[in-house]
Amino acid sequence: MKLFYRVTLMMLLVPFLQASEGEKQLKRSTALLTANLILTEFEADFSEAPVNADFMAHQMTSKPEDYIKRDAARAKLQEFFQERIRTEYRQKVDLLLARIAEKNGVADAFDASFQKKVGTIPDTTFNKVQEKHFVKAFEEQRKKVCDAQMVHVTRELFPTEEEVDGSPEEALIKKLTQRLAEAQKFQVFEENHTYLRDLVVLPAVQDAYRQRSMQSQFLESARSPQAVTPDDFAIFLEKTLLAALPEFKSDKYPRVYTIFPSVKKSIPLLAEKKAKTRYAEFLQASTQPFSEEDVKKMILADVQGHQARAASRNKIRDLFLKQSLDMAPKRYVEHVAENRRSDVEQYLKTTPIPKKELSALFEGIFDQKQQPSWEAARTSIIAQQLVSIYPELQARTWTPTDAAVESYTGQEATDEGRTLRKELLTGVASSSQRDRDALEETRAQAGTLLDQELARGSQALRQQRRLVMACSNDIVAEASARLAKTKPEKLAVELFKLFQPRIQAQWPDHREREIYAPLNPKPGNAESAYLTLFPSVDELLRQLIREIIQKLAEPEPIPPKDPPPDAPPPEKKIEPLKLTCAFTIDMQDNQIIVKSSGDIVLENATLPFTYEEYRKQESKTLTRIANQFAESLEKRAKGQNVELSLDITVKNGMIYYQLVSRLRDRLDYRLKKLRDNEKFNIKLTDKME
Amino acid sequence: MDAKVRARLLKWIGGPSQDEIDVDEILGLMLQISLALMMIFMIAFFMFRFKSNKQQQEQFIEIQRQKITVALEKNEQFFRTRYGLNSITRMDDKGNTLYQMEGLIVKGTITDNANLRSAFVDGGKRAYQDYTDVMTLRQAWWTKVLTDAELVPADLTQENWKWLAATVDEKISSVKVNCTEVQLLAAVAVQSHFLQYPEKVTDSDVKRLLTRFLQAKDEEQRLIIPELTTALRKQSFHYLETQAGIPMLENLK
């Protein structure tokens with residue numbers, strides 16, 4: 001039995017004992033090969049990897065007296081550096097070899113000579129490491145110790161954040177100056193105080209103020225796309241400000257201040273403001289106005305309620321505000337991420353924007369977003385109403401009756417004229433009910449069209465009168481020739497019959513030239529309106545004829561019996577005084593300005609642009625202008641023959657109510673007396689620019 | 001028996017006095033003593049007889065074992081030759097086995113010497129084949145050993161049967177260890193060559209592990225080294241396999 005056990009034991013041990021030598025050799029050679037490969041790579045890596053050069057800083061700070069001169073410090077540290085590279089290389093190689101041996105289970109895998117050989121850094125690698133890393137490492141470490149020294153030296157120069165906030169500038173400067181002197185262990189001579197203060201302490205204090213200001217500015221301009229509540233903003237502001245602090249450092253000073261207490265204190269308020277602004281911006285961007293169609297429906301549903309422009313705007317605005325204010329919080333909650341909604345709901349319960357302020361905000365939004373569609377809706381309704389309620393005015397086919405023109409002309413600014421105009425406007429509407437439904441602007445536009453047509457009628461009447469007056473000489477000549485043969489009464493009838501057709505024949509061309517030629521496009525009634533002479537014109541002709549006949553029939557005044565001893569000198573032909581004047585009507589600062597220019601210059605006259613105000617002042621102002629002009633003209637003429645060319649020009653293509661026609665009528669009326677005088681030849685024209 | 005004797009006898013055995021005993025009783029006593037003596041003689045005889053048989057048996061086993069031992073030696077040489085070990089190895093003066101690796105692997109390559117090459121390549125091939133199926137190999141050993149010993153299995157005593165089984169297994173293992181040793185040393189020679197020419201280490205796993213090693217932290221480096229070692233060992237055997245065109249016994253581990 002003993003033999004059996006012995007054999008079995010041998011059988012188990014023999015393979016192990018026999019295999020061990022080859023296995024050991026293979027393990028050793030594998031370890032060697034592993035080391036060889038790893039060290040080859042390690043060598044390349046060693047020259048590339050940055051070297052830990054903190055020892056340089058340590059060396060320089062532990063014995064600063066040895067490293068004061070830069071070049072000497074560099075030379076000295078280079079020696080340390082070289083020794084360190086060699087040591088570090090050897091240590092790393094030893095560590096690697098130990099690790100490889102341990103993991104291969106061959107403790108004696110590397111003999112001492114091998115370890116010594118591979119533990120020595122090759123010259124090429126050594127030079128490479130030195131060239132690549134020494135200069136950079138030295139510069140970095142030198143700067144590090146210099147900066148540290150500078151911080152140490154100037155530590156007392158810089159105020160703390162609390163000092164900056166807590167002391168007035170002068171007190172702070174004084175305190176720092178004193179502290180700096182104490183820290184340097186010397187007493188500052190009086191004369192040097194100014195130097196220390198202005199050149200050393202003041203710039204440092206100003207830098208502190210600058211950084212504080214930059215911190216505040218940064219907070220003002222910081223924007224977070226995610227933050228919603230004041231808490232979010234407060235966290236965001238503090239975090240981003242902390243991260244940004246190094247950016248505020250000046251090149252001159254190393255001090256980077258932490259958040260100043262005053263700045264920190266402002267964060268909650270600022271956060272609240274930003275949260276509020278975020279909310280307001282959201283409302284601004286997301287509030288949807290009523291569409292033009294909706295607004296139109298609202299107006300048409302209550303036309304009379306919306307007649308006045310201001311009332312209509314108020315009604316639509318009230319609806320807009322109600323809807324927007326009711327929906328605002330809900331919409332804001334819905335637009336944030338689901339996990340934030342409860343926070344936002346909580347925040348909105350604190351009423352971040354007071355109701356009054358919120359209303360003002362929505363007023364702005366209304367002006368910006370709702371007003372245009374309200375305007376468009378109204379414009380659309382006005383256009384429709386013009387067509388349906390005032391079709392003739394809109395098509396410009398309406399023509400006032402001769403009687404209406406005659407009654408209205410010259411009475412525009414009077415109550416009678418206004419009453420007549422109102423009656424005409426009501427009369428021209430297609431139905432009285434619909435007239436009552438017309439919007440304020442519809443009536444105004446219809447009124448403007450009516451006024452234009454009435455103005456044309458008045459112009460026709462005046463032109464016809466001028467034609468009559470222009471025949472005066474002919475009538476005189478004809479009457480003189482016929483007076484001896486025909487009785488005055490009969491002569492008057494004959495002359496009327498002679499001149500009325502003549503004037504009537506002249507009128508169409510005159511009408512076309514004076515009234516319709518300047519108009520483009522021409523109104524719809526251009527071919528049919530004012531073709532015949534107004535009854536009052538016929539009457540004027542009759543009156544004129546009668547006056548001429550009467551004048552001719554009066555006996556000649558008896559000339560003085562004694563003729564002047566000397567024959568009167570031949571009458572010198574006197575050149576008429578040619579005057580060119582112009583009135584320009586323009587707008588400035590919401591006022592109508594009437595300027596005069598040319599040979600007669602008056603003081604500028606102003607009229608308000610608001611219709612009601614305008615109406616109050618129109619008559620008075622125009623009368624004053626006409627009187628002043630006439631007086632100036634008379635003074636200027638001094639009995640001479642005058643040829644006056646007077647232009648009335650309207651700037652900006654605007655229609656200033658009835659201003660142009662009324663100014664012309666006033667001037668016409670006031671100059672009539674002068675015009676009747678044969679010394680005056682006045683040509684009055686108006687144009688639009 | 002005279003009276004004196006009888007009396008002395010009775011006194012000696014502590015029996016009754018002469019006056020108290022009769023003749024039959026004395027005869028009976030005599031018979032018992034005779035039987036006792038006979039038993040002693042019989043025991044002595046049988047003891048002698050048993051010892052003699054055992055010696056004969058041991059002698060038989062020993063003779064049989066000597067035959068088997070001779071056959072085993074012969075058989076071992078046969079397999080060593082078959083696996084090329086005799087061409088590659090030799091004994092030194094002290095009886096230690098020496099391996100001719102310097103002649104076998106030249107500059108990292110298997111030699112051109114036909115004998116050595118054939119011993120390594122063909123022998124390695126056969127060894128791999130045989131050791132892939134150890135049961136068949138063991139059968140072959142048994143058959144060959146018993147044939148050489150001119151025995152049939154029935155002749156084997158129980159002890160020799162067990163002994164032979166253990167010895168055959170030991171021989172098989174021993175030969176395998178030698179074969180493996182040759183291949184291990186060949187791998188060592190290859191690695192020595194790689195040491196001189198590290199650029200020839202082109203295995204992608206090795207490269208990858210080296211790269212990882214340099215980028216790794218301390219603890220991870222410790223984990224990578226065994227992986228790298230295994231990869232290098234594997235690469236060495238793979239290198240031999242590629243050159244010889246045969247699988248290595250390393251694969252049978």
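What is the accessible surface of chain A, and what share belongs to carbon and sulfur atoms? The total is about 39,300 Å², and 54% of it belongs to carbon and sulfur atoms. The model shown is predicted.

**Figure 1. Overall view of chain A, with 24 helices and 5 strands.** The radius of gyration is 53 Å, well over the 26 Å that the globule rule gives for 689 residues, so chain A is more spread out than a compact globule. Along the principal axes, the C-alpha atoms fill a box of roughly 190 × 85 × 50 Å. Of the 689 residues, 40% count as buried. Take the contacts in chain A between residues at least 6 apart in sequence: 76% of them join residues at least 24 apart.

**Figure 2. Overall view of chain B, with 9 helices and 4 strands.** Along the sequence, the elements follow the pattern α-α-α-β-β-α-β-β-α-α-α-α-α. Chain B has a radius of gyration of 37 Å, whereas a compact globule of 253 residues would have one near 18 Å. The C-alpha trace spans about 120 × 50 × 35 Å along its principal axes. Buried residues make up 37% of the 253 residues. Among contacts in chain B with a separation of 6 or more, 68% link residues 24 or more positions apart. Chain B exposes about 15,500 Å², with 57% supplied by carbon and sulfur atoms.

**Figure 3. Helix α8 of chain B, residues 204-215.** This helix has 12 residues, which at 1.5 Å a residue should span 16 Å; the end C-alpha atoms are 17 Å apart, which agrees. Four residues of α8(B) are buried: B:Val206, B:Leu209, B:Leu210 and B:Phe213. Seen down the axis, the buried residues of α8(B) fall within an arc of 105°, so they line one face of the helix. An α-helix has 3.6 residues a turn, so residues three or four places apart point the same way. The face turned away from the buried side of α8(B) carries exposed B:Ser204 and B:Gln215. At the start of α8(B), B:Asp203 places a side-chain oxygen within 3.1 Å of the backbone nitrogen of B:Asp205.

**Figure 4. Helix α11 of chain A, residues 292-301.** The buried residues here are A:Val295, A:Lys296 and A:Ile299. They cover an arc of only 100° around the axis, which puts them on the same side of α11(A). Their cover includes α12 (309-335) and α14 (355-389) of chain A. On the face turned away from the buried side of α11(A), A:Lys297 and A:Ala301 are exposed.

Figure 5. Is A:Asp207 buried or exposed? A:Asp207 has a relative accessible area of 5%, under the 20% cut-off, so this residue is buried. Neighbours within four places in sequence aside, A:Asp207 is in contact with A:Ser250, A:Tyr253, A:Arg255 and A:Tyr257.

**Figure 6. The cis peptide bond between A:Asn520 and A:Pro521.** Omega is about 0° at this bond. A:Pro521 sits in the loop between α21 (488-516) and α22 (535-553) of chain A. Most residues other than glycine have a negative phi, and most peptide bonds are trans.

**Figure 7. Positive phi at A:Arg396 and at B:Lys107.** A:Arg396 lies in the loop between α15 (391-395) and α16 (402-408) of chain A. With 23% relative accessibility, A:Arg396 counts as partly exposed. At 71% relative accessibility, B:Lys107 counts as exposed.

**Figure 8. A:Val642 in strand β4 of chain A.** Strand β4 of chain A covers residues 642-650. A:Val642 is buried, with a relative accessible area of 1%. How far apart in space are A:Val642 and A:Asp71? The C-alpha atoms of A:Val642 and A:Asp71 are 104 Å apart, and the two residues are 571 residues apart in sequence.

Definitions and conventions:
Residues are numbered from 1 along each chain as its sequence is written. Chains are lettered from A and ligands numbered from 1 in the order in which they are written. This is a predicted model: local features need pLDDT of at least 70, side-chain atom pairs count only at pLDDT 80 or more; totals for chains, interfaces and linings use all residues. Side-chain values use heavy atoms; hydrogens and water are left out. Helices (H or I, at least four residues) and strands (E, at least two) are DSSP runs, numbered from the N terminus. The expected span of a helix is 1.5 Å times one less than its number of residues. Buried means under 20% relative accessible area, exposed over 50%, partly exposed in between (1.4 Å probe, protein chains only). The arc is that of the directions from the helix axis to the C-beta atoms. A polar contact is a pair of N or O atoms within 3.5 Å; within protein, one must be able to donate a hydrogen and the other to accept it, and residues adjacent in sequence count only if both atoms are side-chain atoms. Contact means heavy atoms within 4.5 Å. The radius of gyration is taken over C-alpha atoms; the globule rule is 2.2 Å times the number of residues to the power 0.38. Accessible areas come from the Shrake-Rupley method with a 1.4 Å probe; for residues, only the protein chains shown count as cover.
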